[in-house]
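These are my notebook entries on a single structure, written down in the order in which I looked things up.

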Amino acid sequence: MVFESALSALRTILRRVGNSSLIPRRLKRYTGRGHLHFITFSCYQCHGALHGTASYGNLRWAACPRKMPESQTQNQQASAPVVGVGTTGTQTLAPDPWEAAYLRFETPEEEIRKFIGRLKRLGAEQWPRDAEIVELFCGRGNGLIALQRLGFARLEGVDLSPRLIAQFKGSAKCTVADCRKLPFADRSKDVLIVQGGLHHLPTLPDDLEQSFAEMQRVLRKDGRVMFVEPWRTPFLTLAHFISEISLVRRLSNKMDALATMTAHEIRTYTQWLTNPDMIRALARKYFVPVHESFAWGKWNFVGTPR
Ligand SMILES: C[S@@+](CC[C@H](N)C(=O)[O-])C[C@H]1O[C@@H](n2cnc3c(N)ncnc32)[C@H](O)[C@@H]1O
């Protein structure tokens with residue numbers, strides 16, 4: 001009986017390994033030794049161009065040669081061509097490998113459920129339903145859908161990626177813009193939310209300070225910010241360790257997506273995870289904490305503007 005169960009489990013594993021080996025690998029990264037593999041990464045400033053190569057032990061990086069984009073507002077159609085950041089005219093944008101991994105990490109429905117749980121835990125149900133809320137670094141906008149399902153209607157999103165914004169199918173107005181220079185008037189919004197965006201900023205502390213200063217400028221006096229960002233807790237270290245195991249990546253599309261995303265954002269991600277004191281001090285410089293917690297590899301911060 002035990003033997004039969006073990007055999008059946010082994011068959012399942014072999015079948016899954018067999019199937020997953022049919023999935024094309026995005027990058028041929030591995031040399032066989034975990035810390036020697038080389039990756040290329042794409043730029044979040046101009047989207048697409050490769051400015052450098054990186055390895056975990058020997059990081060090399062070149063600054064983006066392009067000028068930062070003017071912000072461009074867009075009401076999305078999933079299939080419509082989108083306006084490229086830093087370009088003129090309309091163009092169809094080539095896929096970005098980090099974005100491709102991000103899109104397969106979770107289904108939209110999984111992500112929306114996660115966001116709803118998070119928003120409730122961090123007190124969103126107490127906010128007035130007519131609050132003007134902006135999801136910054138909104139990506140494909142599932143945070144906006146979560147807010148909509150909680151009953152909020154005055155919603156906007158901002159993200160640097162026209163490709164991700166083009167996937168948003170909700171009614172909120174989304175703008176392609178840089179969160180270091182927000183396209184909003186002073187004291188015009190009630191709540192600003194960032195979920196997993198700040199760790200993409202290229203240069204700390206300057207870009208973080210600039211983003212926080214912009215958020216403080218845009219928030220009404222009694223407004224609030226909510227940040228949920230990766231944090232180096234034992235859980236996060238374990239999750240990354242597991243996601244880097246080759247067999248785990250073959251068995252789990254989600255783990256492979258996590259490892260691929262991490263590899264592509266390794267410079268900013270490492271910069272973020274290794275500066276916890278500076279990040280917390282900067283957050284306190286601009287916002288009075290109302291709630292702060294660290295759990296499941298995340299920093300959760302809610303604050304009001306100083
Ligand atoms: C990890 S995704 C988070 C997306 C979304 N908040 C979520 O949790 O699904 C990070 C996002 O930040 C965007 N981003 C990176 N730098 C940015 C910047 N300077 N201004 C605006 N968006 C930026 C990227 O395009 C990407 O969509």
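Predicted model: local features only at pLDDT ≥ 70, side-chain atom pairs only at ≥ 80, totals over all residues.

Residues are numbered from 1 along each chain as its sequence is written.

**Entry: confidence and overall make-up**

I looked up the pLDDT, the predictor's confidence in each residue from 0 to 100, and found that the protein chain averages 77, with 69% of the residues scoring at least 70. Over residues 10–92 the pLDDT is below 50, although this stretch has 116 contacts in the model beyond near neighbours in sequence; two residues are in contact if their C-beta atoms, placed from the backbone, lie within 7 Å. The protein chain holds 11 helices and 12 strands, and of its 306 residues 34% count as buried. For burial I used the number of other C-beta atoms, placed from the backbone, within 10 Å of a residue's own (20 or more is buried, 12 or fewer is exposed, and in between is partly exposed).

**Entry: Phe137 and the ligand**

I then returned to Phe137, whose phi is near 50°, a positive value in a residue other than glycine. Phe137 counts as buried because 24 other C-beta atoms lie within 10 Å. Around the ligand I found 18 residues, of which Phe137, Gly139, Leu160, Ser161 and Cys179 come nearest; a residue is near if its C-beta atom, placed from the backbone, lies within 6 Å of the molecule. Helix H4 (142–149) and strand S7 (155–159) are the elements that give two or more residues to this shell.

**Entry: the cores**

I looked next at the largest nonpolar core, which has 52 residues, and noted that Leu136, Leu192, Met226 and Phe227 touch the most other members. Such a core is a set of buried Ala, Val, Leu, Ile, Met, Phe, Trp, Tyr and Cys residues joined through C-beta atoms within 7 Å. Strand S10 (residues 219–230) gives the most to this core, with five residues. Another core, of nine residues, lies apart from it and includes Ala101, Tyr102, Met255 and Ala257. For Met226 I listed contacts with Leu122, Val191, Ile193 and Val302, leaving out residues up to four places away in sequence.

Is Trp296 buried or exposed? Trp296 is exposed, because 10 other C-beta atoms lie within 10 Å. Its C-alpha atom is separated by 9.7 Å from that of Ala239, 57 residues apart along the chain; Ala239 is found in helix H7 (residues 234–243).

**Entry: a cis peptide**

Lastly I noted that a cis peptide bond joins Leu204 and Pro205, with omega about 5°. Pro205 is found in the loop between strand S9 (189–195) and helix H6 (206–218).

Key:
Helix = DSSP H or I, 4+ residues; strand = E, 2+ residues; numbered from the N terminus.
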